Structures are given as C-alpha cells and as structure tokens.
Amino acid sequence: MHTLTLATLGLLLANLCASGSARAQAPVPPPRAANPPVLIAMPDAGLRGAFEAANRGTLDAATLAAYSSQPLAGWLQYAALRKELATLPTDRGGSFLARHRGQPVAEAFRNDWLAALAKRQEWAAFLSAWNDRVEQPALRCAQLEARRALGRSDERWTHDAQALWRSSGKSLPDACDPSFTQLATQGGLSPSLRWERIELAAAEGQPAVIRAIARGFSGDDAAQANAYAAFIDAPVAEVDGWPKTARSRLVASHGLAKLAKTSPDRAEALLPGIASALGFNDTERGRVLHPIALWTVASYLPESARRLAAVPLPAYDASLHEWQAREAMARSDWGATLAAIRRMPDAQRTDSRWLYFAARTSELTGDAAGARTLYRQAASKADFHGFLAADKLEQAYALCPWQPAVAPAAKQAIARDPAIVRALQLFALDRKGWAQREWDEALSRFGDEQRRIAVEVAQDNGWFDRGVFGLVNLGGKRYPEETRLYQLRFPLHHEATIRREATRNDLDPAWIAAEIRAESVFDPNARSPADARGLMQVLPGTGAEVAAKLGVPWTGGQSLYDADTNIALGSAYLRQLMDKYGGKPYQVMAGYNAGPAPLGRWISQRPAMDADFWIETISYKETREYVARVLSFSTVYDWRLNGDAQRLTERMLGRTQGTRKGFACPMAEAAKAAAPPPARPTLKDRRRR
C-alpha cells in the first residue's frame with residue numbers, strides 16, 4: 001500500500017518548484033459554496049429593545065420573565081444586574097452565579113460582582129464568590145485583602161502575597177497596598193524581595209515603582225535604590241559611587257536601553273564610560289547597543305550602518321537582522337543587502353520575504369542563475385513575496401485550496417450547540433466581548449474539525465472574522481494546513497456593491513474587497529480606537545468631506561455603519577488618493593494606513609525606488625505589513641471574483657489592463673508524481689476483462 005506523507009509531499013513540492021514544473025499544472029478554480037448555509041434564529045426587535053432597556057437600567061421584571069426561556073436569558077439578566085451591583089443583595093448575586101455555574105455569563109458576572117463586593121467591603125460574600133481562575137490583578141489583590149480582613153493572614157496568605165509582589169515590575173493596583181503593608185508588618189517583605197522587584201521594575205523602565213519600593217528601605221539601601229530610579233528616569237555619566245554588582249549593571253544597561261529609544265546619540269555617548277565604570281559584560285553591552293542601532297536604523301539616520309555593525313552577534317535578533325537588510329536597501333546597496341540576508345538564521349532567511357529579496361539582490365549583483373533558484377523557492381508560497389517571485393518567473397501563482405466537505409448533520413449539530421447559538425446572537429446584538437466569551441467556551445470543547453465547522457457556521461450568520469481569528473493560530477498552537485481554507489479566510493460579502501463602486505471610481509474591485517478584509521473582515525459595525533468606522537474604516541470627518549463632494553446623503557458618523565454607504569465613501573476616498581498620488585496603489589495603501597504626513601516623507605526620501613523595495617523600506621512595521629497584506633489579499637480576491645488575477649507587479653503600479661495570470665497547485669502535481677504506477681495486470685485480471 002502506497003501513502004503520501006506530508007514530509008514526502010513537501011519534498012516533492014520543493015523539487016517541483018525548483019524544476020519550474022508548476023507552469024504546466026492545471027488551473028485552480030475559485031471556491032464555491034460547497035456546504036449549504038445553516039442559519040440560526042437571530043434576536044428580534046423585542047429582545048433588542050429589552051437589552052437596550054437593561055443597559056439603561058429600565059428593564060422591568062415582566063419583560064425579563066418573558067424572555068426567560070430564550071438562549072440569551074442569562075445575558076439579559078446579567079445586563080440588568082450590572083446596573084444594580086452597588087446595592088444588589090448578596091444572596092441574589094450568589095444565586096445568579098449558582099444558576100449559571102460553568103457558563104461564560106457567570107464568569108463575566110463574577111468579575112463585576114467581585115469588584116462591587118470589594119468596593120462594599122463585603123469580604124465574606126467576596127470569598128464565597130471567588131474563583132481561582134480570576135486573573136485581574138486588582139481582584140487578586142482584593143482577595144488577599146478579604147482574607148486579611150477576615151483574620152486569615154496565615155502562611156498560605158503570606159506565600160500568595162509574596163507571589164503577587166513578584167508577579168510584575170510594573171505598578172500594581174492600589175487595592176494591593178493594604179496587603180503589601182500587612183506583608184511588610186509581618187516581616188514577609190525581606191530586603192531581598194524588595195531588591196528582586198526593583199530589578200523587575202528596572203527591566204520594565206519603571207522608576208516610580210522603584211521609588212515606592214525604596215520607601216521600605218533606610219540608609220544606604222534607600223539611597224542606592226533612589227539613585228537607580230533617578231538613572232532609569234534620566235541616565236547620567238556619574239555612576240562611580242555605585243556598587244560594582246550585577247544589579248548595578250542590570251539597572252544601568254536597562255536605563256541606557258530605555259534612553260536609546262528616544263535618544264540613541266546620548267545613549268551611545270554614555271555607554272563607554274558607564275560600561276567601564278561598572279564592568280559591563282558582552283550581554284549588558286549588547287542590551288544597550290541593540291536599541292541604539294534599532295532606533296537609529298528605524299529612522300534611517302546617517303549612523304545606521306555603523307551602529308548595526310557595532311552590535312555583538314549574540315545580541316542580534318530577527319528584527320535587527322531585518323533592519324540591517326532594510327537599511328542597505330534604503331541606500332540601494334544591493335551587495336550589502338544580500339550579505340545581511342545571508343547572515344540571517346535559516347528559519348528567517350527561508351521565509352518568502354527574504355528568499356524573494358535574496359533573489360532580487362542576487363539578480364542586481366549579476367547572479368542570474370542563483371536568483372532564479374531563489375525565486376523558485378519563494379514562488380511556492382501563496383503570499384505577497386511568493387506572488388512577486390512567480391511574476392519574475394512568468395509562472396502561475398501557487399495556490400492549493402482546501403475545501404473539506406462537511407456532513408450536513410455535523411454542521412447542524414454545531415449550529416445547535418448552545419454556546420454557538422448564544423455567541424452568534426450576541427454578535428448580532430453587537431455585544432462582541434460577550435460573544436467572544438461564548439465562542440471561546442465552545443471551542444474549548446471542540447476538536448479541530450468541529451472548530452472549522454463552527455467558523456463556517458459563524459460566517460453563514462454574518463460573523464466573518466472567525467475565518468481570521470478561529471483558524472491557523474489559536475492558543476499558542478499553529479495549524480498551517482488551515483492557511484489553505486481560502487473560502488473561510490477570505491470571505492466575500494456585498495459583492496454587487498463592491499463591483500458597482502469599483503466601476504464608478506475606476507478601481508479594481510479586488511482591491512476594495514482586500515481593503516475591507518484588512519480593515520474590518522467584513523464587520524459593518526467595526527470601530528477603531530481612532531473612531532474609524534465600518535467596513536472600510538472611514539473616519540467620520542473623511543466620510544463627511546467625501547459625502548459632500550459626491551452629493552451623498554450624510555446623517556453623521558452613524559452613516560458609516562451602513563455597508564453600501566461605507567463602501568461608496570471608502571471607494572471614492574481611494575479614488576481621491578489615487579488621483580493625488582499619481583495612480584500608484586502601493587503608495588495609496590501606505591497613506592490610507594499611516595496618513596498623509598508619513599507618506600509624504602517616505603515618497604520624498606526614496607522617490608525613484610522600485611515599488612517592491614519602497615514597500616519593504618517603509619519605516620512603520622504596521623504600514624509595511626499592511627501594504628504587502630492588502631496587495632496579497634487583492635490577488636486572492638481577484639481569483640475569488642474572476643478565477644484569475646492581474647499580475648501583482650502591475651497591480652501595485654495601478655495598471656489594470658495588463659496580462660492576467662492563473663493559479664496552480666504544486667501540491668496537486670506533487671501528489672500525482674508520488675502516486676505509484678498502475679499495477680501491471682495479472683493473467684487473472686486480463687481474463688476478467
């Protein structure tokens with residue numbers, strides 16, 4: 001019996017890519033809705049109104065009782081109880097916890113209830129409601145205070161208080177102060193424990209915490225701790241009076257590293273004298289030289305190359321390796337760029353990004369054959385740099401979709417799961433935090449197949465971002481095969497509106513879809529901390545300006561939560577940016593993310609640089625990755641919309657009428673190559689024919 005293992009498949013895939021055989025593969029069609037949607041009942045207007053009344057504190061008992069058999073009955077009661085916490089009788093709070101034990105709504109209520117009981121200093125009820133899974137530092141401090149107030153300051157209490165003391169170098173909540181005072185009174189805060197937390201605070205750059213701890217010292221210890229705090233605040237050269245200890249070196253190196261973020265020149269000037277006075281080792285020097293180099297090169301300052309070279313190799317990390325390559329790119333020094341890439345660790349160097357740029361710079365330094373080999377390796381990846389590499393090779397884009405069939409009964413079972421029902425109904429009510437709690441509880445019980453089905457059910461019911469936050473990376477574990485679930489990871493909604501506004505504004509509809517995927521994952525109610533709203537995350541001020549120019553009705557920022565309005569205004573804004581910046585989508589994307597001032601700076605710094613290098617040398621990590629992501633998403637959405645795609649190298653320059661390309665799956669060819677040859681028929685087989 002012949003089987004094709006993942007390892008064998010990967011080896012064959014690499015060989016196929018290296019030989020260029022991907023060009024001969026059959027095209028990959030875009031996904032179709034293979035599994036019928038399963039819809040759940042959503043909250044009606046009456047239930048929506050009941051939640052709104054609960055939020056106002058005006059929900060009456062009769063209305064609450066009328067919904068007692070609904071899936072969201074517990075959450076509706078929770079919403080009502082939140083308005084009563086200051087005076088809620090303890091037996092009612094305890095009753096709610098008991099009735100909903102083990103459900104996400106109980107844990108949400110527990111946190112609020114514990115905070116209210118702590119404020120009321122009802123410590124017996126607090127401990128009755130306590131659960132050791134509670135993580136908030138303020139509540140953990142309150143739990144110590146409850147035990148102390150009830151005379152339970154025993155050995156276990158001391159151990160728990162000391163553990164909390166050690167837990168962070170940052171400031172802990174004021175609720176911790178009484179317990180820490182008691183700990184000190186009992187002799188549980190030894191000088192060594194105080195110094196231990198001072199070292200944590202120094203590493204976190206927290207001088208105020210150090211000063212607070214120093215109040216527990218006297219004499220020389222107090223003076224030295226305050227000297228450390230002053231240095232973290234504002235490093236100075238005079239450290240000759242410090243003890244020549246590992247602690248002094250730790251504080252000084254962290255203080256200089258903190259300074260380097262805002263003033264790398266000053267940090268570099270102070271380093272030699274302080275390092276000599278305290279006897280820095282290579283680790284401590286590297287701790288300072290790393291941020292000096294990083295915060296210099298991140299702004300492409302003149303001393304970048306020299307400071308990068310000064311960092312000891314053990315202090316180099318992935319970020320610094322990348323910046324060394326990026327800094328050389330910014331100077332168009334292709335030999336230095338290639339050398340920096342070759343110095344990267346294997347795992348980093350074989351990422352599609354650096355395979356592509358190693359190929360690009362090999363090509364520019366005269367090694368065409370080496371470049372082609374590297375392009376072939378990069379082109380096996382279905383991402384921005386993989387697509388660019390495929391363009392260099394004039395081959396199809398590598399894409400291997402996986403669309404597993406789902407048994408209708410299995411999908412129906414997930415759609416009936418009470419936590420999934422509650423999660424989707426809460427999402428429909430725009431209670432996203434509560435919905436997330438129910439979702440997490442459901443996934444904690446599901447296997448991988450059930451989780452993938454849950455994502456599909458969520459998208460059937462309008463919660464599209466589960467294809468991003470429910471797949472591939474979860475709970476510290478990675479599921480790489482799920483990157484191939486393109487239908488789930490790249491949802492497509494409002495297609496008619498997207499096509500209409502693309503035509504109206506002479507834009508690529510795949511670009512608009514990609515912007516929506518990157519900005520909101522098709523959530524019409526999305527709102528950012530900066531108040532960008534809706535599908536394309538348009539700011540109200542921008543929306544008002546664009547609406548006025550277009551003559552579109554505008555009723556305020558709430559208009560942006562209407563999908564059609566948001567797509568119309570967001571698309572028109574992209575058109576305005578295209579006209580302003582010479583029709584170069586990659587620069588428009590950078591401006592859409594970072595704003596006009598940084599974009600203007602990047603254009604003026606590197607006005608003639610090729611688009612791929614220009615994108616990679618964007619100084620903001622978020623924007624650099626955003627531009628690459630949207631361009632990659634545009635290619636995938638072009639495939640979803642049309643079955644093929646505009647060449648990425650032309651797309652990012654705004655050329656929409658050029659050659660289109662197909663998609664092919666190297667894995668399909670690899671599997672075919674690995675299949676055993678058909679068995680030679682036996683005499684018995686021939687007789688049967």
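His 494 counts as partly exposed because its relative accessibility is 22% (buried is under 20% relative accessible area, exposed over 50%, partly exposed in between, with a 1.4 Å probe and protein chains only). The model is predicted: local features need pLDDT of at least 70, side-chain atom pairs count only at pLDDT 80 or more, and totals for chains, interfaces and linings use all residues. Residues are numbered from 1 along each chain as its sequence is written, and side-chain values use heavy atoms, leaving out hydrogens and water.

His 494 is not a glycine, yet its phi is positive. Gln 537 also has a positive phi without being a glycine. Gln 537 counts as buried, because its relative accessibility is 12%.

| Residue | Phi | Loop between |
|---|---|---|
| His 494 | about 60° | H29 (486-489) and H30 (495-504) |

Helices here are DSSP runs (H or I, at least four residues; strands are E, at least two), numbered from the N terminus.

**Packing of H4 and H6**

Helix H4 spans residues 73-81 and helix H6 residues 104-120. They pack at an angle of about 10°, with axes 10 Å apart. H4 is therefore roughly parallel to H6 (angles under 35 degrees; over 145 is roughly antiparallel, 65 to 115 roughly perpendicular, the rest oblique). Axes are lines fitted to C-alpha atoms, for helices over the stretch in contact, and angles run from 0 to 180 degrees between N-to-C directions.

From H4, Gly 74, Trp 75, Tyr 78 and Leu 81 take part in the contact (heavy atoms within 4.5 Å). Their partners in H6 are Pro 104, Val 105, Ala 108, Phe 109 and Asp 112.
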